[in-house]
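This report describes a protein structure for a reader who is new to it. The sequence and the structure are shown below, and the sections that follow take up selected features in turn.

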Amino acid sequence: MINSENVHVIELSTVELQCDNQGMIHVNSARYGRDTRWRTVTGILGSKCDFQHYCTTPAENYIFSDPAPGEQKSLHAEYSCGKFSFHTIRQTLKWNCLNK
């Protein structure tokens with residue numbers, strides 16, 4: 001069974017993603033910004049956290065860029081916890097390499 005989790009942290013905080021029962025993280029979607037100025041950061045957060053059991057990263061401009069200069073931003077992420085096969089991991093890595 002794959003569980004879906006949502007996290008929300010403000011800028012300069014640390015986002016924490018965690019899966020119990022030997023599940024692995026898969027970032028489904030993530031965005032960083034404020035109001036109407038958002039940046040999709042699914043790939044950035046996924047490259048840091050996918051296929052791990054536990055992951056932390058700061059919600060800061062030097063990682064996610066700055067879509068709203070001078071304003072406090074937040075990071076919203078949805079991730080799943082599950083058991084992923086080697087085939088799933090290999091296909092994801094191949095997709096990431098081809099789409100950089």
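Arg-37 counts as partly exposed, at 32% relative accessibility; here buried means under 20% relative accessible area, exposed over 50%, and partly exposed in between, with a 1.4 Å probe and protein chains only. The structure is a predicted model, in which local features need pLDDT of at least 70 and side-chain atom pairs count only at pLDDT 80 or more, while totals for chains, interfaces and linings use all residues. Residues are numbered from 1 along each chain as its sequence is written, and side-chain values use heavy atoms, with hydrogens and water left out.

The side chain of Arg-37 meets that of Glu-71 in a salt bridge of 2.3 Å, N to O. A salt bridge is defined as a side-chain nitrogen of Lys or Arg within 4 Å of a carboxyl oxygen of Asp or Glu. This pair links distant parts of the chain, with Arg-37 in strand 4 (residues 37-40) and Glu-71 in the loop between helix 2 and strand 6, 34 residues apart. Helices (H or I, at least four residues) and strands (E, at least two) are DSSP runs, numbered from the N terminus.

Side chains of opposite charge can pair when their charged atoms come close. A search of the whole structure finds 5 salt bridges. Arg-34 forms one with Glu-71, where the closest N and O atoms are 2.9 Å apart. Arg-34 belongs to strand 3 and Glu-71 to the loop between helix 2 and strand 6, so this pair ties together parts that are 37 residues apart in sequence. Arg-34 also meets Asp-35 in a salt bridge, at 3.4 Å from N to O.

Arg-34 is partly exposed at 32% relative accessibility, and Glu-71 is partly exposed at 27%. Asp-35, in contrast, is exposed, with a relative accessible area of 54%.

Strand 3 and strand 4 run antiparallel and are joined by 4 bridges; two strands pair if DSSP finds at least two bridges between them. Their hairpin has 2 residues between the strands, and Asp-35 takes a positive phi near 50° there. Tyr-32 has Arg-39 in strand 4 as its bridge partner. The charged end of Arg-31 sits over the ring of Trp-38, 3.9 Å from its centre; the criterion is NZ of Lys or CZ of Arg within 6 Å of the ring centre and within 35 degrees of the ring normal.

The whole structure contains 1 aromatic pair. The rings of Tyr-32 and Phe-64 have centres 5.4 Å apart and planes at 35°, so the pair is tilted. Rings of Phe, Tyr and Trp (its six-membered ring) pair if their centres lie within 6.5 Å, with planes under 30 degrees apart counted as stacked, over 60 as edge-to-face and the rest as tilted. Tyr-32 lies in strand 3 and Phe-64 in helix 2, so the pair ties together parts that are 32 residues apart in sequence. Both Tyr-32 and Phe-64 are buried.

## The nonpolar core

In soluble globular proteins, nonpolar side chains tend to be buried together. A nonpolar core is a set of buried Ala, Val, Leu, Ile, Met, Phe, Trp, Tyr and Cys residues joined through side-chain atoms within 4.5 Å. The largest such core has 20 residues, and those with the most contacts inside it are Leu-17, Ile-25, Leu-45 and Leu-75. At least two residues of this core come from each of strand 1 (3-10), strand 2, strand 3 (24-34), helix 1 (42-49), helix 2 (61-64) and strand 6 (74-82).

Contact means heavy atoms within 4.5 Å. Leaving aside neighbours within four places in sequence, Leu-75 is in contact with residues including Val-7, Val-15, Tyr-32 and Phe-64.

## Strand 5

The relative accessible area of Thr-57 is 4%. Strand 5 pairs with strand 2 (residues 14-18) in the antiparallel sense over 5 bridges, and Val-15 stands opposite Thr-57.

## Overall organisation

The protein has 3 helices and 6 strands, in the order β-β-β-β-α-β-α-β-α along the sequence. Of its 100 residues, 37% count as buried. Among contacts between residues at least 6 apart in sequence, 76% join residues at least 24 apart.
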